[in-house]
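Welcome, and please take a moment to look over the chain before reading on. The briefing below is meant for a first visit.

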Amino acid sequence: MPGRPTHRSRRIACVWLPDWPVQRRRLAEPLLARRPLVIGAADSRGERVAALSDEARRLGVRPGMTVSEAEALSGHGVLAVAPHEPGADRRALQRLAGGCERYSPVVALEDAPEPSALLLDLTGLAPLWRTEARLLAALVGHCRQQRLSAQIAAAPTVGLAIALARHEVAPGGAAVTVDNSVCRERAEGLPVESLRLDAGTLERLDALGVRQLSQLLVLPSDGLPARFGRLLSKRLAQLTGEADEPLVSFRSAPPLAARWPFETAVSSYEPLRRAVDELIARLCAVMRRRRCGALRGLVVYEFADGGEHQRIVLRLFRPTNSARELSELVALNAGGLRPRGAVDAVGVVIGSTAPVERRQRRLFHDDPRDDPHELALLVNRLATRCGAQRVTRVLKRRSVLPERAYGLSPAVDEPGREFPLADALRERTRRRPLLLDAAGEPARVESDPHGAPVRVEHGGWRRVTRCWGPERIETGWWRGASVRRDAYWVELAGGARLWLVCDLASGQWRYSGRS
């Protein structure tokens with residue numbers, strides 16, 4: 001039996017996609033290709049630039065800069081800003097990995113929280129393409145055909161392939177390949193950043209003047225962990241092939257699937273429903289043994305005439321292995337199902353799973369609306385009935401302008417995001433309407449000497465019974481005009497609540513929101 005390939009016979013190709021979130025967004029929205037683009041991610045310090053296009057870099061924008069600083073630096077209306085969606089980035093990268101399986105049976109995603117590279121095991125495949133160079137040229141052509149800006153390199157180890165792709169390949173250029181006999185020599189010329197280390201370790205190395213791998217490789221390896229941690233020694237060993245770094249295919253967990261063929265074709269809904277329920281029950285039993293639950297599912301109806309299959313797609317807010325819940329979601333989606341012919345077989349596929357959170361029921365529960373499990377059930381049903389893209393949740397963005405302080409994203413794509421608020425901010429947020437409009441309709445308002453509204457024309461003049469504010473909003477000069485306004489949240493006689501803003505420059509009142 002042939003032995004396992006060593007680093008001296010192994011061949012790994014890395015397909016690195018620089019600024020992958022930007023590339024993915026531009027592929028989805030081609031109009032963004034004409035504008036400088038930044039991807040903004042919210043954190044505790046504000047909304048910061050997580051990724052950016054080359055056009056934005058030429059304007060002076062840098063990663064880590066706040067989005068407001070980037071907009072001020074680039075000028076009014078020049079910069080396009082898109083939200084950071086790591087889940088969508090990963091799914092798009094997995095689709096690209098599926099397309100690369102024609103070049104290698106093992107395709108993996110880079111081992112990183114937010115991967116931007118694909119890794120292909122090319123060991124023993126070069127004779128099928130005559131030479132490895134022809135295989136890599138075909139891979140380069142495939143990326144160009146997909147309109148991707150890719151940097152590709154091949155080496156004996158995963159670490160060296162990634163390092164070469166990122167630091168020695170020109171954007172859009174030919175692939176770089178390193179022969180097994182010169183692996184260490186090529187590694188010595190690379191910068192320390194190629195080791196995939198954390199920022200703290202890189203800062204300590206830079207403070208000591210260590211900037212090239214040649215400086216690290218001459219140091220005694222047994223003394224590195226005590227000073228820089230175990231990750232540095234691990235990355236060095238992986239780079240040179242002294243430690244193995246296996247590739248885990250992105251298809252390593254095959255989807256759960258079950259199929260029910262009928263003896264004779266069926267055209268009525270009831271036997272189809274029973275067959276689907278039985279298949280779901282079988283798959284849920286498997287998921288319970290694995291302690292996981294379904295996040296994505298597919299029900300397929302195969303027709304006897306061999307025509308195109310009819311499908312029901314399930315996207316869930318939180319994983320579940322409850323057969324009754326999944327059957328209910330299928331029934332909701334199949335309420336209007338009218339098979340166009342006799343069905344020869346049905347199949348159920350669970351394409352994506354996740355660990356199921358264990359929870360203990362309480363004897364008394366103050367409000368079932370606060371139960372996250374009940375919320376997940378509601379979102380699952382709504383997404384199944386109305387469409388996953390129509391059920392959204394609010395993503396918090398750092399902006400003092402209320403209408404720019406939030407964004408909407410499909411709820412099933414952001415299942416675990418929670419945004420705790422301080423008590424004062426929570427109370428102020430509750431008073432705001434769900435939808436805000438910066439350019440609202442003009443309003444007629446009578447105010448007191450301090451500027452607070454006392455009467456509002458809203459289906460006739462009505463007295464203001466309660467008023468919160470003012471909330472002074474003054475910012476945005478880099479967008480072409482300074483925003484200076486006072487906002488009030490008022491309750492009128494009769495119970496109506498309005499969000500009113502007064503432009504401090506013109507004195508004009510407007511409706512900016514209502515409930």
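What follows is a short tour of this predicted model, from the whole chain down to single residues.

The chain has 15 helices and 21 strands; helices (H or I, at least four residues) and strands (E, at least two) are DSSP runs, numbered from the N terminus. Of its 515 residues, 43% count as buried, where buried means under 20% relative accessible area, exposed over 50%, and partly exposed in between (1.4 Å probe, protein chains only). Residues are numbered from 1 along each chain as its sequence is written, and side-chain values use heavy atoms, with hydrogens and water left out. As this is a predicted model, local features need pLDDT of at least 70 and side-chain atom pairs count only at pLDDT 80 or more, while totals for chains, interfaces and linings use all residues.

**Confidence and contacts**

- The mean pLDDT of the chain is 81, and 81% of its residues reach 70 or more; pLDDT is the predictor's confidence in each residue, from 0 to 100.
- Among the elements of the chain, strand S6 has the highest mean pLDDT (96), and helix H15 (residues 423–431) has the lowest (62).
- Over residues 1–6, pLDDT stays under 50, and the model has three contacts beyond four places in sequence for this stretch. Where pLDDT is low, the predicted coordinates should not be read in detail.
- Taking contacts with a separation of 6 or more, 59% are between residues 24 or more positions apart; a contact means heavy atoms within 4.5 Å.

- Five strands form an open sheet in the order S5-S6-S1-S7-S8, with mixed pairing; two strands pair if DSSP finds at least two bridges between them.
- S5 and S8 stand at the edges with a single partner strand each, so one side of each is left without a neighbour in the sheet.
- Strand S1 (residues 12–16) pairs with S6 in the antiparallel sense over five bridges, and the bridge partner of Ile 12 in S6 is Asp 121.
- Helix H6 (residues 158–167) packs on this sheet, touching S1, S6 and strand S7 (151–155), and its direction makes about 150 degrees with that of S7. Axes are lines fitted to C-alpha atoms, for helices over the stretch in contact, and angles run from 0 to 180 degrees between N-to-C directions.
- Helix H4 lies across S5 and S6, running at about 165 degrees to S5.

- The 14 residues of H4 (residues 86–99) should span 20 Å at 1.5 Å a residue, and the end C-alpha atoms are 20 Å apart, which agrees. The expected span is 1.5 Å times one less than the number of residues.
- Ala 88, Asp 89, Ala 92, Leu 93, Leu 96 and Ala 97 are buried in H4. An α-helix has 3.6 residues a turn, so residues three or four places apart point the same way.
- The buried residues of H4 pack against helix H1 (20–28), strand S5 (107–109) and strand S6 (117–121).
- H1 itself is mostly covered, with seven of its nine residues buried; among them are Trp 20 and Arg 24.

**The four-stranded sheet**

- Four strands form a second open sheet in the order S9-S12-S10-S11, with antiparallel pairing.
- Strand S9 (256–266) and strand S11 (310–320) are at the edges, each with a single partner strand, so one side of each has no neighbour in the sheet.
- From one strand to the next, the twist averages 10 degrees.
- Strand S10 (residues 292–303) is joined to S11 by seven bridges; here Arg 296 stands opposite Arg 315, and Ala 294 has Thr 320 as its bridge partner.
- S10 and S11 form a hairpin with six residues between them, and Gly 306 in the turn has a positive phi of about 80 degrees.
- Helix H13 (residues 323–333) lies across S10 and S11, at about 140 degrees to S11.

- Ser 74 is in helix H3 (residues 67–74) and is buried, with a relative accessible area of 10%. Leaving out residues up to four places away in sequence, Ser 74 touches Leu 59 and Leu 79.
- Val 182 lies in the loop between strand S8 (176–177) and helix H7 (183–188) and is partly exposed, with a relative accessible area of 34%.
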